[in-house]
Amino acid sequence: MKIPELPADERQRINALHSLRILDTGFEERFDRLTRLASNIFQVPYAVINLVDNDRQWFKSCFGLEMRETGRDVSFCSYTILQETPLIIEDTLLDDRFCDNPYVIGAPNFRFYAGYPLATPEGYKVGTLCLLDDKPRKLDQTLLNTFQDLALIVQNELNNLELNYTLREKNVAERAWLESEARYRTLVEVMREGIIVQDDAGQIVTFNAEGGKIFNLTGPYNKGQRFLVASSKIIYEDGKPFPLELQPAMVALQTGQPVSNVVLGIHSEENILQWLLVNSQPMFNPGGKYPYQVVSSFTDITFRKEVEDRFKALSYAAFEGICIMTNGMIIEVNQALAEILGYELVELIGKDPYSLLVPGMHEQVRQNSMKEYQLPYEVIGLKKDGSQIALEIRGANLIYKNQAARVAVVRDITERKELERVQSEFISMVSHELRTPLTSIRGSLGLVVGGVAGEIAPQVKAMIEIAYKNSERLVRLINDILDIEKIESGKMVFNIMPVELGPIINQAIDANRSYAEQMGVKIKLEKAVTELKVMADSDRLIQVLTNLLSNSAKFSPSGENVSILVEALRDTVRVNVIDRGPGIPDDFKDRIFQKFAQADSSDQRLKGGTGLGLSITKTIVEAQGGHIGFNTTPGGGTTFYFELPKWVVHQPIITDSGPMSKEPRILICEDDPDIATVMRNLFEINGFITDIVFDAAQAKEILSRYRYDVMTLDLRLDGISLLRELRQQPATQNLPVVIVSANTENMWQVAAKDDLKVVDLLEKPLDQVHLLSAINRAVVLSRQNSTLPRVLYVEDNRNLVQVMSMMLDGEATVFESTTLAEAKDKLTNDKFDLILLDINLPDGSGLDLIPFLKQTTNPEVPIVIYTAQRVNPVISREVAGALIKFRATNQEIINKVKSVVGARKNEYALRN
């Protein structure tokens, strides 16, 4: 449709329209009877009184139509108000201004239009009386005269409306004032703050219960008192006297300006000090130059003041740096932080905290500041002289002086980082300078022992074998020392996931067979292990088995067996390593898992060893959620055992409430059923719908079927790989994720680098308050997107798609597909709540989507056929409804969409 020009007096016209005070009022009988009369006289199905606003035409009365307004850009009446005479369109399809109008080519299919301009007394055209029909027609002169008479009646009603509206407005205002006054009094009385109202002379007019309590105002005789608690001692925060004339209320009356956030202390008659936060607001009569009253609020902050004072005392005495920040600046800082950064204390107040960091650290600190609190993290700071300093920061949110703030505890870790560097260099030197020559020595000796140098004398061979065995001992000693360093520094990384136990045990047996044969023993698996999985790191599990097998082989008599027995218990799998050695002395049992522990007897000493193997083994087992122990009998052998969590495939737990549920929906991805249950209970108590999956495969399958507001993710489920994969899928690329895991080290950097859109990182054990806060933030982020039903409209006529989008505005979000192939692609990669389907498409029949849907991720999505031809009754039974183009009215379409989507929602609710 061609958009008409604006009237030359458009601004004045709009002002005149608004001065009528009729826009967006309800239907009124005096106008409705005129549209009914117009429909009856002219025998048309539609008659409308409308007003043309800035960007819309709004219907004051409409006969035959259920809509209240349309866009001005599709309005016939926008042309009518440009002329003095009626606008008559006998056939809209023959008029190039209207032939492509969406209400001409689509329902209600207007073919005839007659509009008479309605003007204000000043002559501004503000609207029309219009007649509409779905068939072409003409008006003779008699009907035109009648049309003019009826329009003038409407015009008079519009222009007489101002006086009536003024009277009505006055009554409404009076009622509103009375209701407001009652609400105000009720609200003031229940407020926790004290409220006192004083007149322009400072005399008390009224006060609420809390105000009376604070200032001991017990009755009417207090009214007229000018100064509050004149008999009490009022002080500033620094203890200096606070003059009565400088009370915030008196200052507000004198200056006419509000006075905010004044802190004062009051000593009562019993000499009890109470701290108050005072705000005073002057009140003016309409047009008044000076305030006639002042309203003051008094908040008791005694407890907060005491906490703040204690905080200041502690922070100034602390060796660690402490600062409080709000609104992007430092507002409090202690002497320790000033000394760490080389500043004078006063120089840091008001400073931007980011200016104290090297630029590369800003994003890391920003991400951490989004969390309520976090574990310590390291940054590089900038001292006043420009030099860099290694810092460790721990932060938390708090309310400080009545505003949201953040406290940071800062530690200088320069010496620690230097020690770590020296230690790292030493370990690197040990690793390289010792392992490299030892590898050559052991390799060379092994070749000589294996006969590569030919036959050698028995006496020489014996010495070489001794050297070879001791080189292997030295390699094991170095490996144990390096492992202990990793454990103590927290650098030993565990990649825990479900692993099949049988192949791991067989690999460990093969790796230790040669050593056992040197000791004259054999390793025997008592019973084959099949289909048993545990939660473990496969490499570290082999290390545990190697330590236990080599230890048992070392202490077993020659000719005996070292046995492995695997037992499947209720929740764990136990691996027993059994030897036939001398057993463990009673006085050594308590120390056996300590570092460098050795049995004291000379016989045990002859066996050698570092005394680190069992300590390392215990640490590795416990780090994987397991338990290690032993059973021994002097002279009867020893059984070392360890237990690891059994991997059990749990089925997903789904609460099928439907995609249209108003409650936020959370997907918990967690391998521990107990933790998942605790989280689910917490979420459901707080009004969330919760589903649970136990591995990555289940997560991907469930996410393909349901839409979620947020997902929690345990990194043990190969979480990073899963998250990267989800970010490649249209349906989950913006899904907010809260990571919940036992180890989130360096995850902020990984998340930022790969743009994984992680809302928060929470370490186990979980803090419920922090978890709920993160979930709520994620839900808010998710719900920033549209929550309206998603309708896929498969239609090759883009004009109809545009009309449908306008028609369903506010009811649904319409997505367009103009071809069958495009529709299939969207249904494969995205989810919808309803499909509006045209049958005749450029590349095939829309009916082909019915069987195709069964192969997609949302096979139950309802279909409403909207086409120009009648639908076969057999097909009609397979879909949720069928509408005929040009016959179904706008409201019928809207009602159908709402009913089908609503029915689907109810169906999901019933399942639940």
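Trainee: What makes the crossing of α16 and α18 left-handed or right-handed?
Mentor: α16 passes α18 in a left-handed crossing. The term applies if the near helix is turned anticlockwise from the far one by less than a right angle; clockwise would be right-handed. Helix α16 covers residues 538-555 and helix α18 covers residues 613-623. Helices here are DSSP runs (H or I, at least four residues), strands are runs of E (at least two), and both are numbered from the N terminus.

Trainee: How do you know which residues make the contact between α16 and α18?
Mentor: Contact means heavy atoms within 4.5 Å. On α16, Arg 540, Gln 543, Val 544, Asn 547, Leu 548 and Asn 551 make it. On α18, the residues are Gly 613, Leu 614, Ile 616, Thr 617, Ile 620 and Val 621. By class, the contact has six nonpolar, five polar and one charged residues. Ala, Val, Leu, Ile, Met, Phe, Trp, Tyr, Cys and Pro count as nonpolar, Asp, Glu, Lys and Arg as charged, and the others, Gly among them, as polar.

Trainee: Where do all these values come from?
Mentor: This is a predicted model, in which local features need pLDDT of at least 70, side-chain atom pairs count only at pLDDT 80 or more, and totals for chains, interfaces and linings use all residues. Residues are numbered from 1 along each chain as its sequence is written, and side-chain values use heavy atoms, with hydrogens and water left out.

Trainee: Why is strand β35 called largely enclosed?
Mentor: Five of the five residues of β35 (residues 863-867) are buried, so the rest of the structure largely encloses the strand. Buried means under 20% relative accessible area; exposed is over 50%, and partly exposed lies in between (1.4 Å probe, protein chains only). Ile 863, Ile 865 and Thr 867 point one way from β35, Val 864 and Tyr 866 the other way, and all are buried.

Trainee: What makes β35 a paired strand?
Mentor: Two strands pair if DSSP finds at least two bridges between them. Strand β32 (residues 834-837) and β35 have three bridges, in the parallel sense. There, Leu 836 has Val 864 as its bridge partner. Four bridges join β35 to strand β36 (residues 881-884), also in parallel. Ile 865 stands opposite Ala 882 in β36.

Trainee: Why do Arg 13 and Glu 10 count as a salt bridge?
Mentor: A salt bridge needs a side-chain nitrogen of Lys or Arg within 4 Å of a carboxyl oxygen of Asp or Glu. Their side chains meet at 3.0 Å, N to O. Both residues lie in helix α1 (residues 10-19), three residues apart, about one turn of the helix. The structure holds 29 salt bridges.

Trainee: How do you know whether Arg 13 is buried or exposed?
Mentor: Arg 13 has 1% relative accessibility, so Arg 13 counts as buried. Glu 10, at 12%, counts as buried too.

Trainee: What about Asp 133 and Lys 135?
Mentor: Their closest N and O atoms are 3.7 Å apart, and they form a salt bridge. Asp 133 has a relative accessible area of 4%, so this residue is buried.

Trainee: Why is Thr 712 called buried?
Mentor: Its relative accessibility is 1%, so Thr 712 counts as buried. Thr 712 lies in strand β27 (residues 710-713). Not counting residues up to four places away in sequence, Thr 712 touches several residues, including Ile 666, Cys 669, Phe 683 and Val 740.

Note on methods: Axes are lines fitted to C-alpha atoms, for helices over the stretch in contact, and angles run from 0 to 180 degrees between N-to-C directions.
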